[in-house]
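Please take a look at the fold before you go through the points.

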Amino acid sequence: MARRLDSINDSKKTNVRASFQALRFIPRFFKEIGQVSPLLFTLNLLSRLINAFAPVVILWVGKLIIDEIIAQVAATSPDYTTLWNYVLIEFGVTIIADIINRVIAITDGLLGDQYNIVSSEKMIRKTSKIDMVHLEDSEFYDKLERARQQTQGRVGLMSLALGQLQSLISIATLIAGLIYFQPLLIILLALSIIPLFINEIRFSGQQYSLSRSWTTERRELDYLRYIGANDKTAKEIKLFGLTDFIANRFKTLSQQYYQINKKLTVKRSIYSAIFNVLGVVCYYAAYLVIIKSVLEGTITVGELTFLSASFNRLRNTLQSFFTSFTRITQSALYLKDYFDFIDLEIPDEHKNALPLPKVVREGFEIQDVHFSYPGSEHQVLKGVSFQLKAGEKMAFVGQNGAGKTTLIKLLLRFYEPTQGAILLDGVNINRYNKAEYQQMFGVIFQDFFRYEFTLRENIAVGDIGSVTDDNRIQEAARLSLANEVIEGLSLGYDTQLGKRFKDGQELSGGQWQKVALARAYMKDAQVMVLDEPISALDARAEYEVFERFIALTEGKTSIIISHRFSTVRMADRILVLKDGKILELGTHDQLMQTPSLYAELFELQAQGYK
Ligand SMILES: Nc1ncnc2c1ncn2[C@@H]1O[C@H](COP(=O)(O)OP(=O)(O)OP(=O)(O)O)[C@@H](O)[C@H]1O
């Protein structure tokens with residue numbers, strides 16, 4: 001069942017066969033819906049089953065009524081009892097069918113909503129298990145986009161597919177009526193419907209191909225829409241006068257899609273119209289056959305109304321059955337994307353994983369690590385080797401793009417080295433269970449996320465299980481100086497942060513950093529990593545924060561990335577990276593005593609403060 005990511009790189013051309021093949025996902029889709037709420041699902045199916053017979057029953061009673069009227073009009077002493085009973089039956093059936101229709105509509109809505117919740121949750125959970133390598137891959141994002149797109153269409157697909165089952169039974173009963181009275185009508189019916197069906201299937205395949213091949217562009221359109229109307233980008237867009245640039249880019253791209261789509265839609269409509277005319281011709285041919293039978297006295301007038309109405313009803317039901325069918329095949333192709341995504345194979349980390357050391361004894365050993373990002377030729381790390389001893393505080397410094405953050409990402413197993421290895425207590429880190437291994441770290445990245453949650457929740461994301469533990473949250477806030485932020489907030493820890501939601505309060509860059517830093521203090525992590533998350537703090541605050549960090553992580557292994565040398569010097573050892581290689585490694589004093597890049601940069605910064 002599980003599939004590899006690269007095995008679902010289907011070609012863009014999707015044909016009719018692919019549409020039909022995608023239908024194999026429908027039973028699984030129904031199974032999932034059934035599991036969401038067995039009761040609602042059964043009720044829905046039963047209601048549809050009962051109502052499937054309603055059309056033929058109503059038409060048949062209609063025939064009985066007409067025949068009865070004609071009989072009573074011709075009778076010398078008419079008796080209307082049977083007639084009124086028929087009318088009463090038709091009335092009853094109509095009312096009951098209407099009530100059942102409401103039940104179908106309600107259960108459809110409820111089931112659809114519930115399935116939407118369950119499947120969206122599944123997607124969120126699945127995404128969290130996917131490797132960073134895939135998450136940073138644009139092709140992967142296209143898949144995700146198509147799977148997400150299916151989320152919106154799932155409710156409609158469900159009622160459509162269930163409706164098809166109902167239509168199928170109605171069609172069977174109506175066809176049985178036609179065969180009983182006039183088998184010739186079936187041939188006319190087939191003639192009127194089949195070309196329309198083939199046409200629908202053909203265009204539906206083309207429509208999906210088009211929409212699929214435009215996934216990347218649609219993602220770009222979404223992005224342009226987002227940056228064009230967004231509080232975060234508004235400042236720059238205004239100041240740099242980017243509105244026209246973004247709007248024009250959006251317009252050009254969407255116009256291209258519109259034009260291709262329009263061409264296809266118009267073509268599809270023209271063909272449909274032609275085949276529809278054929279349908280009308282067939283209907284009138286059938287009508288003539290029926291009239292002829294009445295005139296020859298082989299069927300009654302009631303049967304005439306029954307047959308002509310049945311024929312017409314069948315034609316309409318079949319037509320909508322086929323149109324819905326093509327819509328279903330189209331949606332089923334998206335369903336395939338969704339299931340492909342859900343079925344993505346995640347290597348079983350628990351198998352053969354070694355137990356993680358409870359306490360790090362020796363530390364990390366980075367052995368001749370080389371690394372290039374997937375899909376890139378550029379070697380970011382070129383043979384990096386060093387030891388990070390247990391309990392040691394190390395600082396990484398180096399120019400922008402030197403590879404500091406990349407080194408951290410490898411240490412955290414977001415990526416694997418393309419060459420070389422990283423050992424923890426003498427064992428390659430990829431031998432440990434990844435989730436457990438990553439739990440060992442308390443990390444704050446420079447591009448930490450600003451969650452538009454409350455302040456309390458923003459701090460608690462460092463250890464979300466403790467979201468109700470006021471003492472821990474307050475202590476973490478005190479250590480990171482985030483408690484100073486609270487003074488300006490109306491609802492204290494319960495203040496909503498950010499501007500997206502009602503009563504949200506925005507923080508300054510430095511205040512956000514203090515909040516993010518508090519996350520690192522939320523859990524008692526064995527290894528702490530601060531990847532330049534406090535660059536926006538004022539000099540006094542940064543110094544204070546680092547002093548606390550050093551004191552608090554006493555005896556713990558930690559890594560600090562910073563461009564401020566006053567901070568860096570507090571580390572036990574300093575590693576200077578240049579173009580993916582280690583240039584220098586030593587204590588502050590050692591590096592200062594030799595003519596080093598570190599000493600040069602340190603002096604340069606110190607001069608600036610004089
Ligand atoms: N996800 C990625 N995919 C491809 N290349 C990347 C990715 N992230 C970083 N790089 C490249 O890797 C190189 C090193 O980046 P890295 O973020 O490790 O530098 P850094 O030393 O932390 O820099 P800074 O001080 O600016 O944060 C850069 O050339 C960058 O363009």
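Predicted model: local features only at pLDDT ≥ 70, side-chain atom pairs only at ≥ 80, totals over all residues.

Residues are numbered from 1 along each chain as its sequence is written.

**Nonpolar cores**

- The largest nonpolar core has 66 residues, and those with the most contacts inside it are Ile 459, Val 515, Ala 518 and Ile 574. Helix H18 (residues 509-522) supplies the largest share of this core, eight residues.
- A nonpolar core here is a set of buried Ala, Val, Leu, Ile, Met, Phe, Trp, Tyr and Cys residues joined through C-beta atoms within 7 Å. A residue is buried if 20 or more other C-beta atoms lie within 10 Å of its own, exposed if 12 or fewer, and partly exposed in between, with C-beta atoms placed from the backbone.
- Helices (H or I, at least four residues) and strands (E, at least two) are DSSP runs, numbered from the N terminus.
- Leaving aside neighbours within four places in sequence, Val 515 is in contact (C-beta atoms, placed from the backbone, within 7 Å) with Leu 455, Asn 458, Ile 459, Ala 482, Val 485 and Leu 507.
- Another core, of 23 residues, lies apart from the largest one and includes Ile 33, Leu 111, Leu 144 and Phe 339.

**Helices H2 and H5**

- H2 (residues 25-36) packs against H5 (residues 81-129) at an angle of about 100°, with axes 9 Å apart. Axes are lines fitted to C-alpha atoms, for helices over the stretch in contact, and angles run from 0 to 180 degrees between N-to-C directions.
- H2 and H5 are therefore roughly perpendicular to each other, a label for angles of 65 to 115 degrees.
- Glu 32, Ile 33 and Val 36 in H2 meet Leu 111, Gln 114, Tyr 115 and Val 118 in H5.

**Loop residues**

- Asp 425 has a positive phi of about 50° although it is not a glycine, and sits in the loop between strands S4 (419-424) and S5 (427-428).
- Asp 579 has a positive phi near 45° and is found in the loop between strands S9 (573-578) and S10 (581-586).

Methods: Contact = placed C-beta atoms within 7 Å. Parallel < 35°, antiparallel > 145°, perpendicular 65-115°, else oblique.
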